[in-house]
Amino acid sequence: MIAAIAIGRNEGARLVRCLDSLQGQGNQARVGRIVYVDSGSTDGSVEMARSRGVEVVELDMTKPFTAARSRNAGLDRLRQGERPEFVQLVDGDCEVRPDWIGKAFAFLQDNPKVAVVCGRRRERFPEASIYNAQCDREWDTPVGEARSCGGDALMRMAALDEVGGYDPRLIAGEEPEMCVRLRGKGWKIWRLDAEMTLHDAAMTRFGQFWKRARRAGHAYAEGAHLHGAPPERHNVAQVKRAVLWGIVLPVAIVLLALIVSPWCLLLFAVYPAQIARLARRAGGGGEAWREAALLTAAKFAEALGVAEFHLRRLTGKRAGLIEYK
């Protein structure tokens with residue numbers, strides 16, 4: 001049997017589309033049980049889900065909330081009653097494409113060593129902002145065996161049980177971290193050349209982009225702290241790039257300007273040069289230049305996220321959510 005877990009908070013019409021898309025899958029990949037895990041919505045999401053016959057889990061919001069905790073709560077509910085063999089995980093702001101689960105289900109049946117299969121997540125409104133468009137490009141990852149997946153994927157319940165599901169402490173990056181543990185147990189992760197979900201990022205302001213990049217930096221640092229040792233080296237390269245471009249270089253340039261000469265501030269030209277290098281590598285053109293500028297700017301936010309993680313780790317403070325919408 002195939003089941004599904006959607007998680008969300010105050011997603012409104014996005015959640016309606018999400019649940020309807022899960023219920024509208026074809027007969028060969030019909031989704032039996034659908035669980036919606038709600039994290040304190042005030043927009044009627046719980047009532048709407050129940051009206052569609054969906055099982056609802058309402059999280060106790062007096063306890064620290066993470067997306068990983070939500071997904072685990074959904075998995076716990078599925079372990080009660082008729083247990084599914086496969087489960088589609090999806091964020092409540094995503095619409096599952098009509099033929100996705102059928103394709104993913106067939107692939108998992110034919111490949112018993114694969115624990116997780118994902119496809120192409122697309123942004124619903126990439127033209128709405130340069131930030132939405134950047135999300136759409138970011139999700140276009142290589143097809144074939146992969147190291148990790150994102151929040152939307154069809155997974156094998158036996159594999160999730162073997163590794164204990166998600167780590168509820170992580171405020172972001174929970175899927176890549178779990179995939180490290182899955183691969184450590186001999187399971188494989190696979191990305192199909194197939195349309196999977198439509199996502200509504202609703203990211204129209206630079207502040208949202210900055211928060212999202214800061215959250216990514218925090219996830220990189222936490223992932224590297226957990227699994228950064230050889231041979232995995234999880235997120236180590238991402239952390240190094242963020243620290244180099246977002247902390248080491250700007251601090252070094254300012255110190256040189258103070259100690260040697262104010263003319264050393266001209267060394268900040270390394271950032272426009274980096275943008276030009278990235279844009280040329282992406283083929284040039286307006287879109288390539290915008291992407292290069294965003295990737296370069298994101299390094300400062302990612303570096304902040306890295307610093308926040310280690311500061312909280314050293315002081316023993318629990319990290320709060322970094323939400324961009």
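User: Before we start, what makes two rings an aromatic pair here?

Analyst: Rings of Phe, Tyr and Trp pair if their centres lie within 6.5 Å. In this predicted model, Tyr131, Phe206, Phe209 and Trp210 form one aromatic cluster, and a search of the whole structure finds 9 aromatic pairs.

User: Why is the pair of Phe206 and Trp210 called tilted?

Analyst: Look at the angle: the planes of Phe206 and Trp210 are 45° apart, with 6.1 Å centre to centre. Under 30 degrees would be stacked and over 60 edge-to-face, so the rest count as tilted. Both residues sit in helix H8, 4 residues apart, or about one turn of the helix.

User: And what makes Phe206 partly exposed?

Analyst: Its relative accessibility is 38%. Buried means under 20% and exposed means over 50%, so a value in between is partly exposed. Trp210, with 28%, is partly exposed too.

User: Is Tyr271 buried or exposed, and why?

Analyst: Buried, because its relative accessible area is 8% and the cut-off for buried is under 20%. Phe300 has 30%, so Phe300 is partly exposed.

User: What makes Arg121 count as lying over the face of Trp139?

Analyst: Arg121 is 4.9 Å from the ring centre of Trp139, and the distance limit is within 6 Å.

Terms used: Residues numbered from 1 in each chain as written. Predicted model: local features only at pLDDT ≥ 70, side-chain atom pairs only at ≥ 80, totals over all residues. Heavy atoms only, no water. Phe/Tyr/Trp six-rings, centres within 6.5 Å; stacked < 30°, edge-to-face > 60°. Helix = DSSP H or I, 4+ residues; strand = E, 2+ residues; numbered from the N terminus. Buried < 20%, exposed > 50% of the residue type's maximum accessible area, 1.4 Å probe, protein only. Lys NZ or Arg CZ within 6 Å of the ring centre and 35° of its normal.
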